Each structure stands twice: as structure tokens, then as C-alpha cells.
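Here's a quick tour of one protein model, going from the overall fold down to a single side chain. Have the viewer open as you read.

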Amino acid sequence: MITGAGGQLGRELQRRAPTAVEVHALARHELELTDLAAVERAVGELRPELIVNAAAYTAVDLAEEERERAFAVNAEAVRGLAAAAVAAASRLIHVSTDFVFAGDRSRAYGVEDEAEPLSVYGLSKRRGEVLALEGTRGEALVIRSSWLYSRYGRNFVKTMLRLMRERGSVDVVTDQVGSPTWASSLAGAIWRAAERPELRGVLHYADAGVASWYDFAVAIHEEAALLGLVPGEVVVRPVGSEDFPTAATRPAFSVLDCRASRRALDLDPVHWRSALRAMLTELSEPHDVGDAG
Ligand SMILES: NC(=O)c1ccc[n+]([C@@H]2O[C@H](COP(=O)([O-])OP(=O)(O)OC[C@H]3O[C@@H](n4cnc5c(N)ncnc54)[C@H](OP(=O)(O)O)[C@@H]3O)[C@@H](O)[C@H]2O)c1
């Protein structure tokens with residue numbers, strides 16, 4: 001059972017589902033996660049072997065104003081989902097974020113490092129991790145990832161492509177560093193984790209390598225221009241976070257140390273730039289255009 005099935009990760013999870021797996025993908029209009037009775041009923045009826053929670057309140061800046069809503073979806077609903085999972089003897093894989101870290105250092109964060117979120121979104125996601133683990137007496141698997149993008153939904157890559165088409169230049173911050181991750185790669189890692197029921201606790205999964213948002217935007221431009229998705233002459237201008245005030249404070253350095261999880265999942269690292277190229281190639285294929293909403 002996949003919750004939040006209409007989101008970027010939810011859709012990539014469906015696309016990458018092994019053929020032998022019977023998938024029940026529930027988008028928000030099919031299962032509202034904050035409706036605890038509905039969650040209990042859905043899980044109780046399906047009694048899935050595995051629940052992957054891909055639903056989340058992901059509006060990082062808006063969360064600063066909508067604290068209650070962010071906590072309702074990212075924390076309280078996870079408590080309900082964990083209880084329903086235990087009652088139905090279902091395993092729970094819950095997805096979380098690099099934004100649980102403060103990002104005030106320059107060494108990759110391991111799973112043992114302390115979470116110190118800077119934003120309401122980060123705090124709500126951290127609370128969700130704790131509730132997923134507590135509610136399943138440590139049996140749940142929490143997979144943290146970072147900087148997700150895909151051909152579906154709203155994300156940095158699609159925003160950049162739009163701005164690059166609309167304007168001759170874009171300003172992008174150089175002082176926030178992380179690991180861009182194709183939601184399809186993360187979906188593959190989650191399906192791999194699904195095959196390993198012994199995995200519990202917290203794992204980190206991101207595509208390999210690091211970048212600032214500026215580096216990422218430069219790469220998006222270079223790769224997308226080669227594919228004819230954007231004009232060749234766009235200027236990508238480096239700016240600092242002080243030039244780009246946002247409601248939520250974001251970690252300056254939120255690279256996740258994924259070595260342990262790559263071993264646990266037996267996955268070869270894929271560099272973020274290769275993943276980006278693959279995603280953009282998909283976007284450039286004519287039959288995918290209508291599917292890119
Ligand atoms: N995006 C990133 O950069 C990023 C980075 C690291 C980790 N993550 C984590 O990765 C996971 C997947 O993120 P994503 O990028 O795929 O997010 P997304 O595209 O925003 O998808 C989230 C989905 O959850 C649904 N949802 C929201 N509130 C819900 C509710 N109350 N009940 C049921 N469904 C609800 C949304 O539906 P509506 O659209 O209808 O609201 C949306 O389809 C999340 O746990 C997120 O925290 C994301």
C-alpha cells in the first residue's frame with residue numbers, strides 16, 4: 001500500500017514497482033492521512049504486507065505559517081498510520097528528509113547524527129520519524145532522502161526549466177549544498193528495502209555526489225539545452241541566500257552519508273548528474289510530455 005500516491009515519489013514508486021508485487025496506490029483523494037478512522041479502515045481492509053508512506057506536507061515555506069497542518073500530516077497522521085500498521089501486522093516504510101539536520105557543518109550526516117531541524121517542516125518531519133519508530137516499537141524503517149525531483153509534480157528541476165524558458169537568466173544560491181536525488185532512484189531503493197524485511201530503524205538514501213543549488217541549476221541548463229528543452233543562451237547567476245530571503249531557514253549543508261544504506265541495500269551509487277540526465281531524457285521524449293503534470 002502506497003500513501004500519497006499522487007506525489008512525485010508516490011508516482012515513481014508505482015512506476016518502479018516489481019511486477020510480482022500487487023500495489024494499492026492511494027492518492028490523497030482516495031485516502032486522507034489525517035482522517036485516522038479512514039486510515040485504520042483502509043489498512044485493516046487491505047492488510048498489506050508493506051505500507052510505504054510517501055504522503056507529506058512538503059510546502060517548506062508555507063509550513064512556517066501552517067504549523068498545525070504540517071504537524072497534522074507529517075507527524076500526527078504518521079502516528080495513526082503506525083498504529084494501523086501494527087494492528088494489521090504490516091511493515092511500515094516511512095520517508096523523511098535531510099531537513100531534519102541543522103546543516104551547520106561540512107561532513108555528511110550519518111544516521112547516528114543528532115537531528116536539529118531549523119524549520120517547521122523539518123520539525124514536523126522529525127516528529128513523524130519518532131512517531132513512526134515509537135508507534136511500531138522500532139520495527140518501522142525510516143528512509144531519509146534529499147532534494148527530490150522527478151518529471152511529476154512541483155520540484156526545482158521543473159521550476160528551473162520553466163524559468164529558463166521564460167527568462168534569459170536565473171539567480172540561484174551557491175551557499176546551500178546537498179545531494180539532488182531523482183525520485184525514481186529513491187523509489188528503486190525503497191523497493192530494494194521492501195525485499196529486506198529485516199531492515200528497521202533509519203537509513204539514508206540520496207543519489208551520489210554533492211552540489212549547491214547553483215551547481216545543480218548549471219547542470220540542469222547544460223543537460224536540458226543539449227536535449228533542446230531550454231534555450232542555449234540562458235545565464236545562471238550565482239547569488240547568496242541573503243539575496244533570496246525565504247520564510248523557512250534551510251540547512252546550509254545537508255549531505256546525507258549513504259554508505260551504510262548502499263551496503264544494506266546492495267545498491268551501486270548513481271551520480272546525481274547521471275540521474276538528472278536520465279530524468280531530462282525522459283522529459284524530452286514526446287510520449288512523456290502529457291504525463292509530466
Ligand atoms: N521534495 C523534496 O525535495 C524532498 C526531499 C527530501 C525528502 N522528501 C520527503 O519525501 C517524501 C515524498 O515527497 P515528494 O517530493 O514526493 O512530495 P510531494 O510531491 O509533495 O507529494 C506528497 C504527496 O502527499 C500528498 N498529501 C499531502 N497531504 C496529505 C494528506 N493529508 N493525506 C494524504 N496525502 C497527502 C500530497 O497530495 P496533494 O498534492 O493533493 O496535497 C502529495 O501527492 C515526503 O516524505 C517528503 O517529506 C522530499
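## Overall fold

Take the contacts in the protein between residues at least 6 apart in sequence (in contact means C-beta atoms, placed from the backbone, within 7 Å): 82% of them join residues at least 24 apart. Keep in mind that this is a predicted model, where local features need pLDDT of at least 70, side-chain atom pairs count only at pLDDT 80 or more, and totals for chains, interfaces and linings use all residues. Numbering starts from 1 along each chain as its sequence is written.

The protein has 9 helices and 12 strands, taken as DSSP runs numbered from the N terminus (helices are H or I, at least four residues; strands are E, at least two). Its radius of gyration is 19 Å, close to the 19 Å that the globule rule gives for 293 residues, so it is as compact as a globular protein of that length. That radius is taken over C-alpha atoms, and the rule is 2.2 Å times the number of residues to the power 0.38. Along the principal axes, the C-alpha atoms fill a box of roughly 55 × 40 × 35 Å.

## The core

The largest nonpolar core holds 88 residues, and Leu-81, Ile-143, Ile-190 and Ala-217 touch the most other members. Helix H3 (residues 67–87) supplies the largest share of this core, 10 residues. A core here is a set of buried Ala, Val, Leu, Ile, Met, Phe, Trp, Tyr and Cys residues joined through C-beta atoms within 7 Å.

Leaving out residues up to four places away in sequence, Ile-143 touches Ile-93, Val-95, Ile-190, Ala-193, Leu-203 and Tyr-205.

## Around the ligand

The ligand is surrounded by 26 residues, the closest being Gly-4, Gly-7, Leu-9, Leu-33 and Ala-56; a residue qualifies if its C-beta atom, placed from the backbone, lies within 6 Å. Helix H1 (8–15) and strand S4 (91–97) are the elements giving two or more residues to this shell, and H1 gives the most, with 3.

H1 is mostly covered, with 6 of its 8 residues buried. Its cover includes S4, strand S3 (50–53) and helix H6 (183–194).

## Arg-192

Arg-192 sits in helix H6 and is partly exposed, with 17 other C-beta atoms within 10 Å. Not counting residues up to four places away in sequence, Arg-192 touches Leu-265 and Leu-267.

Definitions and conventions. Buried ≥ 20, exposed ≤ 12 C-beta atoms within 10 Å, placed from the backbone. Contact = placed C-beta atoms within 7 Å.
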